[in-house]
Amino acid sequence: MIIDCHGHFTTVPTDHTDFRSAQLARLADPSLPEPALSDPSDDAVRDAIENNQLKLLRERGGDMMIFSPRASAMQHHVPDPHVARQWARVNNDLIHRVVGLFPQHFIGVCQLPQTPGGSLDDSVTELHRCVEQLGFVGANLSPDPSGGHWTSPPMTDPYWFPIYEALVELDVPAMIHVSASCNPAFHALGAHYINADTSVFMQLIEGDLFTRFPTLRFVIPHGGGAVPYHWGRYRGLADRLGRPPLHEHVMKNVFFDTCVYHLPGVRLLHEVIDTDNILFASEMIGAVRGIDPETGHHWDDTKRYIDQLGLTEDDRRKIFELNTRRVYPRLDAQLTAAGR
């Protein structure tokens with residue numbers, strides 16, 4: 001089985017985006033009426049999925065995708081808690097509809113209603129709803145709800161502990177994933193996302209989070225940001241700071257995906273990071289769309305790169321399936337119950 005651990009609903013029907021536009025318009029002008037969600041029809045949802053993510057999943061040999069709301073549209077920088085709760089809920093409900101229509105191919109991961117400097121109580125409530133009622137298997141967690149201004153404390157700070165306690169209780173991982181950038185110095189896709197991936201890894205080195213939460217699991221996407229390329233720097237910094245070796249201090253709890261869009265990058269990831277810490281992913285129809293003119297293949301067809309690594313069958317199974325089932329035990333339980 002080939003499981004893609006990182007997919008977003010980037011092709012939502014227009015009814016859904018119209019609701020968000022109405023939400024933001026009312027924030028700017030409170031005299032406007034409270035927007036009512038016009039749920040897309042099942043046919044509209046099917047069309048959005050069958051002609052996009054599902055079509056490519058099948059063409060590229062994949063079996064299942066862990067699916068969440070569009071990352072850049074989570075927009076945690078919008079400060080109104082009511083709007084954040086409502087927007088997270090309708091996004092997660094839409095993902096649940098996709099899973100209901102295509103249970104063989106999609107499983108849900110939730111958006112959290114984070115706001116800059118806000119309480120995490122609403123996020124804990126939504127996480128419980130999505131996991132316990134909707135059958136989701138994880139969450140996206142933004143380390144920077146401010147959208148590129150980095151006003152939140154490091155992810156080792158007690159501010160984050162309520163969400164960690166819920167993740168541990170529910171036995172689900174969090175993917176570290178920022179949303180839109182409000183800072184013109186940081187392009188959202190080319191800088192802000194990679195900044196977040198890299199910065200959080202360094203925060204984890206500086207702290208001692210996994211002593212307090214030994215079963216907490218993070219997936220750092222986009223190949224771990226700059227971390228694999230600068231692995232010697234992080235090993236050296238850990239030593240300089242008096243931290244244990246990275247394989248003891250961090251890498252029992254942290255995993256990187258394969259959303260790296262060229263063969264040399266994926267090869268580097270595999271050479272530097274232990275196979276047990278690598279999860280297959282593509283983030284297809286996401287940040288890097290289109291065809292690479294040098295190869296003639298889609299940038300985000302990441303399976304093609306992994307197929308060229310010359311992996312043993314055991315390592316191939318780990319990256320494509322077994323590691324993901326281990327990191328997402330609720331996914332494993334659902335697959336096992338279905339005889340898969």
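The structure is a predicted model. Its largest pocket holds about 310 Å³ of space, and the second largest pocket holds about 240 Å³. Strand β2, at residues 64–69, pairs in the parallel sense with strand β1 and likewise with strand β3.

**Largest pocket**

- A total of 18 residues line the largest pocket, and those nearest its centre are I194, H222, C259, V260 and Y261.
- Two helices, α7 (188–206) and α11 (263–272), each contribute at least two residues to the lining of the largest pocket.
- Helix α7 provides four residues, which is the largest share of this lining.
- Sorted by class, the lining of the largest pocket comprises twelve nonpolar residues, five polar residues and one charged residue.

**Second largest pocket**

- The second largest pocket has a lining of 15 residues, with W231, R235, P245, L246 and H247 lying nearest its centre.
- Helices α9 (231–240) and α10 (246–249) each supply at least two residues of the lining of this second pocket.
- Helix α9 gives the most to the lining of the second largest pocket, namely four residues.
- The class composition of this lining is eight nonpolar, two polar and five charged residues.

- Strand β2 is mostly covered, and six of its six residues are buried; buried here means under 20% relative accessible area.
- In a regular strand, side chains alternate between the two faces of the sheet.
- The parallel pairing of β2 with strand β1 (residues 3–9) extends over five bridges, and G7 stands opposite F67 of β2.
- The parallel pairing of β2 with strand β3 (residues 106–108) extends over three bridges, and I66 stands opposite I107 of β3.

**Points to carry forward**

- For the largest pocket, the reference points are a volume of about 310 Å³, a lining with twelve nonpolar residues and a leading contribution of four residues from α7.
- For the second largest pocket, they are a volume of about 240 Å³, a lining with five charged residues and a leading contribution of four residues from α9.

Notes:
Residues are numbered from 1 along each chain as its sequence is written. This is a predicted model: local features need pLDDT of at least 70, side-chain atom pairs count only at pLDDT 80 or more; totals for chains, interfaces and linings use all residues. Side-chain values use heavy atoms; hydrogens and water are left out. On a 1 Å grid over the protein atoms alone, a cavity is a set of points where a 1.4 Å probe fits but cannot get out, and a pocket is an open set with protein on both sides within 12 Å along at least five of seven lines; lining residues have an atom within 4 Å of a point. Grid points are joined across faces, edges and corners, and a volume is the space filled by probe spheres set on the points. Ala, Val, Leu, Ile, Met, Phe, Trp, Tyr, Cys and Pro count as nonpolar, Asp, Glu, Lys and Arg as charged, and the others, Gly among them, as polar. Buried means under 20% relative accessible area, exposed over 50%, partly exposed in between (1.4 Å probe, protein chains only). Two strands pair if DSSP finds at least two bridges between them.
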